[in-house]
Amino acid sequence: MIIRGFYPGCRHPPRRATSNRAAHRAREAEHGAITAEFAVALPAIILVLTFCLGALSVGIAQIRVDESARVAARELARGADESTALRAARDIEPQAQLQVAYTSENVQVRAERRAPGIIGSMTGWVLSSSSTVRVEELNTGQPNPDSPPEGENENKSEKET
């Protein structure tokens with residue numbers, strides 16, 4: 001039995017006979033097609049990559065703003081000078097603007113910074129973080145002058161009963 005198109009001892013089916021000239025013209029017609037497609041796609045690839053890297057830099061900057069606010073609040077709660085605490089925070093994020101607020105029991109530090117890179121320049125986003133920490137007692141054995149006298153910390157519901 002002979003199968004049409006099958007030749008014993010041959011691994012591949014036979015190819016159609018084409019002239020070298022026709023094959024050359026077909027290759028010439030497609031020459032440069034991939035280069036043109038790549039040239040069209042390259043700006044889109046660069047734009048997507050730019051926004052991805054910009055988002056990454058914004059995320060890193062936000063983490064640094066969070067950390068600088070946390071470090072400054074922790075240092076102030078431990079009793080450090082305000083200049084020392086702000087210097088420690090600026091070591092982490094030099095571009096952060098820091099604001100400190102004190103209450104009777106807490107210290108709050110707010111850090112702000114403009115978003116970096118192309119995202120910050122296009123959107124004008126401001127990254128911010130706030131950290132509030134309870135002021136620790138001084139180690140001198142004397143009560144903290146900013147804390148309320150004893151007895152005022154009790155809940156009203158306990159006083160009424």
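**Salt bridges and nonpolar cores in the predicted model**

Glu 112 is partly exposed, with a relative accessible area of 22%, where buried means under 20% relative accessible area, exposed over 50% and partly exposed in between (1.4 Å probe, protein chains only). Its salt-bridge partner is Arg 110, with the closest N and O atoms 3.2 Å apart, and Arg 110 is likewise partly exposed, at 31%. A salt bridge is here a side-chain nitrogen of Lys or Arg within 4 Å of a carboxyl oxygen of Asp or Glu. The structure is a predicted model, in which local features need pLDDT of at least 70 and side-chain atom pairs count only at pLDDT 80 or more, while totals for chains, interfaces and linings use all residues. Residues are numbered from 1 along each chain as its sequence is written, and side-chain values use heavy atoms, with hydrogens and water left out.

The predictor's confidence in each residue, pLDDT, runs from 0 to 100, and it averages 79 over the protein chain, with 66% of the residues scoring at least 70. Over residues 151–161 pLDDT stays under 50, and the model has four contacts (heavy atoms within 4.5 Å) beyond four places in sequence for this stretch.

Five salt bridges were found in a search of the whole structure. In one of them, Arg 113 pairs with Glu 93 at 3.3 Å between the closest N and O atoms; because Arg 113 lies in strand 2 and Glu 93 in the loop between helix 3 and strand 1 (97–102), the pair ties together parts that are 20 residues apart in sequence. Helices (H or I, at least four residues) and strands (E, at least two) are DSSP runs, numbered from the N terminus. Both partners are buried, Arg 113 at 11% relative accessibility and Glu 93 at 2%, and together with Arg 64 they are linked in a network of salt bridges.

A nonpolar core is a set of buried Ala, Val, Leu, Ile, Met, Phe, Trp, Tyr and Cys residues joined through side-chain atoms within 4.5 Å. Among the 14 residues of the largest such core, Leu 76, Leu 98, Val 109 and Ala 111 touch the most other members. Two or more residues each come from helix 2 (33–77), helix 3 (82–92) and strand 2 (106–114), and helix 2 gives the largest share, six residues. Beyond its neighbours within four places in sequence, Ala 111 is in contact with residues including Val 65, Ala 69, Leu 98 and Leu 127. A second, separate core of five residues includes Val 58, Ala 61, Ala 115 and Ile 119.
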